[in-house]
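Please keep the structure in view while reading.

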Amino acid sequence: MHVGASRGSFKEAVSKLETIVEELKMLPPDRLDSAADYIHRLKTISRAERTAIIERTAGSLAPEEGDELARIIEEGCERIDERD
């Protein structure tokens with residue numbers, strides 16, 4: 001992807017977000033609650049959606065690849081970085 005193209009997409013997303021925020025600021029409190037509920041529902045993945053994602057990706061790694069991935073995760077996640 002071209003760097004300029006990604007900047008354009010970012011600017012468009014920020015512009016849309018700013019527009020949405022301005023519109024939310026003008027809503028009466030009861031409508032704001034409804035908007036917040038709607039946004040939360042958009043963000044939440046249902047159990048059925050999670051199951052479908054798992055079913056689509058289950059078995060996509062060979063057993064050896066899965067074992068290697070598990071080993072890498074265990075090794076990488078078991079370390080404590082004192083700078084964090």
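## A pair in helix α1

Lys-25 and Glu-22 lie three residues apart in helix α1, which covers residues 3–25, so about one helical turn separates them. The two residues form a salt bridge, with their closest N and O atoms 3.2 Å apart.

The two partners can also be described by their accessibility. Lys-25 has a relative accessibility of 60% and therefore counts as exposed, because the exposed class begins over 50%. Glu-22, with a relative accessible area of 43%, is partly exposed.

## The model and its confidence

The structure is a predicted model. The mean pLDDT of the chain is 83, and 87% of the residues reach 70 or more.

The lowest mean, 81, belongs to α1, while the highest, 88, belongs to helix α2, which spans residues 29–43.

## Overall fold

The chain contains four helices and zero strands. Followed along the sequence, these elements give the pattern α-α-α-α.

How many of the 84 residues count as buried, as a percentage? The figure is 1%. The chain exposes about 8,200 Å², and carbon and sulfur atoms supply 58% of that area.

Side chains of opposite charge can pair when their charged atoms come close. A search of the whole structure finds three salt bridges. One of them is the pair of Lys-25 and Glu-22 described above; Arg-71 takes part in a salt bridge with Glu-68 and in another with Glu-75.

In the contact between Arg-71 and Glu-68, the distance from N to O is 2.5 Å. These two residues are three positions apart in helix α4, which runs over residues 63–77, so they are separated by about one helical turn. In the contact between Arg-71 and Glu-75, the distance from N to O is 2.7 Å. Both of these residues also lie in helix α4, four residues apart, or about one turn of the helix. Salt bridges with shared partners join Glu-68, Arg-71 and Glu-75 into one network.

## A nonpolar surface patch

Which residues make the nonpolar surface patch of about 320 Å²? The patch is made by Tyr-38, Ile-39 and Leu-42.

Tyr-38 is found in helix α2, the helix with the highest mean confidence in the chain. At 47% relative accessibility, Tyr-38 counts as partly exposed.

Definitions and conventions
Residues numbered from 1 in each chain as written. Predicted model: local features only at pLDDT ≥ 70, side-chain atom pairs only at ≥ 80, totals over all residues. Heavy atoms only, no water. Salt bridge = Lys/Arg side-chain N within 4 Å of Asp/Glu carboxyl O. Buried < 20%, exposed > 50% of the residue type's maximum accessible area, 1.4 Å probe, protein only. pLDDT = per-residue confidence, 0-100. Patch = residues over 30% accessible without salt bridge, like charges linked within 9 Å, V, L, I, M, F, W, Y side chains within 5 Å. Areas by Shrake-Rupley, 256 points an atom, 1.4 Å probe, with all protein chains shown as cover.
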